[in-house]
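Please keep the sequence and coordinates at hand while reading.

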Amino acid sequence: MEKLYKLFLISSLVLVYLVIAAGAIVRMTGSGMGCPDWPKCFGYFIPPSDRSQLDWKAEHEYKKGEVIIIDENLRVAPKDFKSNNSYSKENWLPYTKHDYAIFNPMHTWIEFLNRILGAIAGLATLLLLIVSLLRFKKDNIVSLVSFLIVLGMGFQAWLGKTVVDSNLLPFKITIHMGMALIILIFLVFLLEREKKFTKKLPSIPIFKSLIIFSLILTLSQIVMGSQVRQFVDEQIHLLGFKASTKWLEDAPFLFYFHRSFSLCVLFINLWIALILYKNKYIPIEFLSILFLIGLEILTGILMYYFYFPFSSQPLHLVFASLLFGAQTFFMIRVIKQK
């Protein structure tokens with residue numbers, strides 16, 4: 001049972017990171033409205049692959065909730081029915097959540113695969129909860145945290161619905177990302193509980209303070225990065241995907257502050273590295289932190305100086321999420337050390 005618990009824990013953590021990566025790809029490719037409804041996609045469990053599938057059809061059996069596009073507007077079947085030889089308005093209701101009615105097969109399938117990954121991650125966390133309940137007498141905290149993770153995944157799914165219904169309002173996307181980080185904290189907490197450490201970390205007060213401060217700085221960077229990303233999304237909407245050289249021409253002060261602030265994150269962690277070096281023990285999780293900071297700075301440089309090369313944006317977000325997870329793991333280890 002212990003092996004099964006660890007399997008579902010690691011699987012859940014990996015899948016949540018994959019969902020974050022998929023979400024970043026959705027945003028990079030502009031596929032967020034590839035499925036304009038939720039939880040189905042154009043009213044189907046398996047989305048259409050051709051525009052003609054969304055045209056009205058005569059003598060066709062329609063199911064409740066199925067969607068068609070008429071005059072560049074979405075129409076929804078309110079009940080099961082068979083169409084006549086001519087289109088009848090009385091058989092259809094307008095889709096009132098938003099007025100987005102564009103079908104792009106690439107966007108649709110990118111968004112659909114993102115949702116599939118989210119569903120698989122949700123199933124993995126549910127299995128984690130079931131297995132953790134079998135450990136309730138031994139470790140009830142694990143069961144409680146696993147339950148909170150499942151609740152978080154359900155809330156995250158609802159947030160995903162609100163993002164689609166709002167036609168991708170930027171602040172709702174940011175909240176969606178924030179919830180993913182909270183779920184990561186819970187999963188990393190469970191992962192750290194499974195580790196047994198023999199070597200001691202420095203016990204000087206400033207060390208723990210620097211670790212906590214470093215995590216706060218990274219979280220601040222992620223929040224600021226989300227705000228910068230909102231600005232870039234607006235520029236993409238105005239200028240188009242092919243005008244990447246112009247996206248940051250009128251960048252707000254926040255962008256430059258976010259860019260320079262990364263040096264503060266680097267400096268604090270180099271200070272921590274110096275303390276660890278003097279202690280003659282640098283754990284692998286901290287080496288991963290330094291490595292991820294380097295990758296974050298590198299992808300930031302690529303985006304600014306090389307005009308957002310392909311995949312640089314999702315990689316930047318994924319590295320930030322991995323960095324946040326690694327720092328959370330390290331912080332929990334430091335706080336728990338007696």
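## Basis

The model is predicted, so local features need pLDDT of at least 70 and side-chain atom pairs count only at pLDDT 80 or more, while totals for chains, interfaces and linings use all residues. Residues are numbered from 1 along each chain as its sequence is written, and side-chain values use heavy atoms, with hydrogens and water left out.

## Aromatic contacts

The whole structure holds 17 aromatic pairs, where rings of Phe, Tyr and Trp (its six-membered ring) pair if their centres lie within 6.5 Å, and planes under 30 degrees apart count as stacked, over 60 as edge-to-face and the rest as tilted. One of them, tilted, joins Phe255 and Tyr304 at 5.4 Å centre to centre with 35° between the planes; Phe255 lies in helix α6 (residues 253–278) and Tyr304 in helix α7 (residues 284–305), 49 residues apart.

Phe255, Tyr256, Tyr304 and Tyr305 form one aromatic cluster. The charged end of Arg259 sits over the ring of Tyr304, 4.7 Å from its centre (NZ of Lys or CZ of Arg within 6 Å of the ring centre and within 35 degrees of the ring normal).

## Largest cavity

The largest cavity has a volume of about 50 Å³, a volume being the space filled by probe spheres set on grid points joined across faces, edges and corners; on a 1 Å grid over the protein atoms alone, a cavity is a set of points where a 1.4 Å probe fits but cannot get out, and lining residues have an atom within 4 Å of a point. Its lining includes Ile211, Asn269, Phe286 and Phe330, and α5 gives the largest share, three residues.

Technical notes:
Helix = DSSP H or I, 4+ residues; strand = E, 2+ residues; numbered from the N terminus. 1 Å grid on protein atoms, 1.4 Å probe; cavity = no way out; pocket = protein on both sides within 12 Å on 5 of 7 lines; lining within 4 Å.
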